[in-house]
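Please read the points below beside the model.

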Amino acid sequence: MKAFDAIIIGAGQAGPSLAGRFNDAGKTVAIIERKHVGGTCVNTGCKPTKTLVASAYAAHLARRGADYGVVLGSPVKIDMPAVMRRSHQVALDSRHGNESWLGGMPNCTLIRGHARFESRNTVRVGDELLTAPRIFLNVGGRAAIPDFLGIGDVPYMTNSDIVLLDRVPEHLVIVGGSYIGLEFAQMYRRFGAEVTVVEKGPRLIGREDEEVSDAIRGILEAEGINIRTGAECIRFRKDGDRVAVGVNCTEGAPEVIGSDILLAVGRRPNTDDLGLDKAGVETDARGYIKVDDHLATNVEGIWAMGDCNGRGAFTHTAYNDFEIIAANLFDGESRKVSDRLVGYGLYIDPPLGRVGMSETEARKAGKKVLVGRRPMTQVGRAVEKGETQGFMKIVADAETRQILGAAILGTGGDESIHGVLDMMNAGATFDALRWAVPIHPTVSELWPTVILSMQPT
């Protein structure tokens, strides 16, 4: 049996960084990975998908060349194998960078294989037993596969599969109208596929305010993407060499016939084959590991970070889990998950940048709110770029004047939202943002104007 000061299971966003802190402290650490170092973000998430989004944007912009006085000599063509090679190389470079980093840590041992608990402080990887007084779980998640009628009878892809696809589907049917599904919908439409999005709920991305959801639907439909919401009877059957997807039992065409299917209906944690019962680690009904505000499980000496703990579903929240644990273990701090202010993006074009509460969430929390809005048609930078879809919105507490949340659906929204996020982290009121003197021309310069437009609603 090999003994270490710490064992980390999973080499996603949190694991390698935590290994680095143990290494720098002169502690021995084993980090175990059964597939690819870097986790979802590097291998099947952020890195490859945003690279594909960039290629799709380039194609879209090329088709719009005449709008900018740029005349192309021939129609735009997509070399999908080349697009995919570029995406794969970006992911591969990042993965190799992580592997080299871990390999350069003198006190860190990278072990390849499937880890399972034998007891509270003992883990088996193949024929090898490892033990440590501290064990950290960073095992991530994977695409959920609901028990749809007929799903076992047809071929389908998840995000992990489609990022390796080197062809453009004739008709891609995407089941799931939320963040992952919508990014692939616009991307493949711009690559030249016919695309249909099938969503069980009454509207796209149901967690967003209705006006955001409606605007995103309009943006996608304007590019020729078919959207079927309220699809209560999702089911599958083979139709020759194609797949029929049942979308509605009451109105509209009852089926959509597609060449390829992408399932994008949520995620599930990779916790079902770790032997958590042998360690006594508790999970909830969906398989997420239960953790406290410091990310400790119910078992002393075991922590859970990243997607597997159900406390965040983003690369940046996983990394922040590492920061919380490291600060508490090595720096004498007492940081908590509940102190975290979460922002996120939807990487369609134009992107959606979000932070804090939506207007709907603020009202449900009983807040008296002030709301400011500005359409992107009135944002100089958007007009100059010829990208005027969307709007900016900020929500504040009418009594305390604290900023509660904001959304930018528009060009640069995923970057500009950080100005508000930083203000919220600093605990500043919207008055501090009102009198800022921003750079011109930028999208961010409009925040003072949006704030001056705030009204009770």
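1. The side chain of Asp209 reaches the backbone nitrogen of Glu359 at 3.0 Å. With the side chain of Lys393, the side chain of Asp209 makes a polar contact at 2.9 Å. A polar contact is a pair of N or O atoms within 3.5 Å; within protein, one must be able to donate a hydrogen and the other to accept it, and residues adjacent in sequence count only if both atoms are side-chain atoms.

2. This is a predicted model, in which local features need pLDDT of at least 70 and side-chain atom pairs count only at pLDDT 80 or more, while totals for chains, interfaces and linings use all residues. Residues are numbered from 1 along each chain as its sequence is written, and side-chain values use heavy atoms, with hydrogens and water left out.

3. Where does Asp209 sit? Asp209 lies in the loop between β11 (194-198) and α7 (210-222); helices (H or I, at least four residues) and strands (E, at least two) are DSSP runs, numbered from the N terminus. Asp209 counts as buried, at 6% relative accessibility. Buried means under 20% relative accessible area, exposed over 50%, and partly exposed in between (1.4 Å probe, protein chains only). Leaving aside neighbours within four places in sequence, Asp209 is in contact with Arg203, Ser358, Glu359, Thr360 and Lys393, where contact means heavy atoms within 4.5 Å.

4. Ile205 is also placed in the loop between β11 and α7. The phi of Ile205 is near 30 degrees, a positive value in a residue other than glycine. At 1% relative accessibility, Ile205 counts as buried.

5. Arg401 has a positive phi as well, about 65 degrees, although Arg401 is not a glycine. Arg401 belongs to the loop between β22 (391-397) and β23 (403-409).

6. The bond from Asp349 to Pro350 is cis, with omega near 0 degrees, and Pro350 is in the loop between β19 (343-346) and β20 (352-356). The bond from His440 to Pro441 is cis, with omega near -5 degrees. Pro441 is found in the loop between α13 (430-434) and α14 (447-452).

7. Helix α1 (residues 15-24) and helix α4 (residues 80-103) have axes that come within 10 Å and cross at roughly 20 degrees. Axes are lines fitted to C-alpha atoms, for helices over the stretch in contact, and angles run from 0 to 180 degrees between N-to-C directions. α1 and α4 are therefore roughly parallel to each other; angles under 35 degrees count as roughly parallel, over 145 as roughly antiparallel, 65 to 115 as roughly perpendicular and the rest as oblique. The contact is made by Pro16, Ser17 and Ala19 of α1 and Asn98, Trp101 and Leu102 of α4. These residues divide into 4 nonpolar, 2 polar and no charged. Ala, Val, Leu, Ile, Met, Phe, Trp, Tyr, Cys and Pro count as nonpolar, Asp, Glu, Lys and Arg as charged, and the others, Gly among them, as polar.

8. α1 is mostly covered, with 8 of its 10 residues buried. The buried residues of α1 are Gly15, Pro16, Ser17, Leu18, Ala19, Gly20, Phe22 and Asn23. They pack against β2 (6-9), β3 (29-33), α4, β4 (108-112), β8 (134-137) and α9 (315-330). After α1 comes Gly26, with a positive phi near 80 degrees.

9. The axes of helix α3 (residues 46-63) and α4 come within 8 Å and cross at roughly 145 degrees. The α3 side of the contact consists of Lys47, Pro48, Thr51, Leu52, Ala54 and Ser55, and the α4 side of Val83, Met84, Arg86, Ser87, Val90, Ala91 and Ser94. By class, the residues of this contact are 7 nonpolar, 4 polar and 2 charged.

10. Phe191 is in helix α6 (residues 179-191). Phe191 counts as buried, at 4% relative accessibility. Not counting residues up to four places away in sequence, Phe191 touches Leu52, Ser55, Ala56, Ile78, Met80, Val83 and Val168. Phe191 and Ser178 are 13 residues apart in sequence and 20 Å apart in space, C-alpha to C-alpha.
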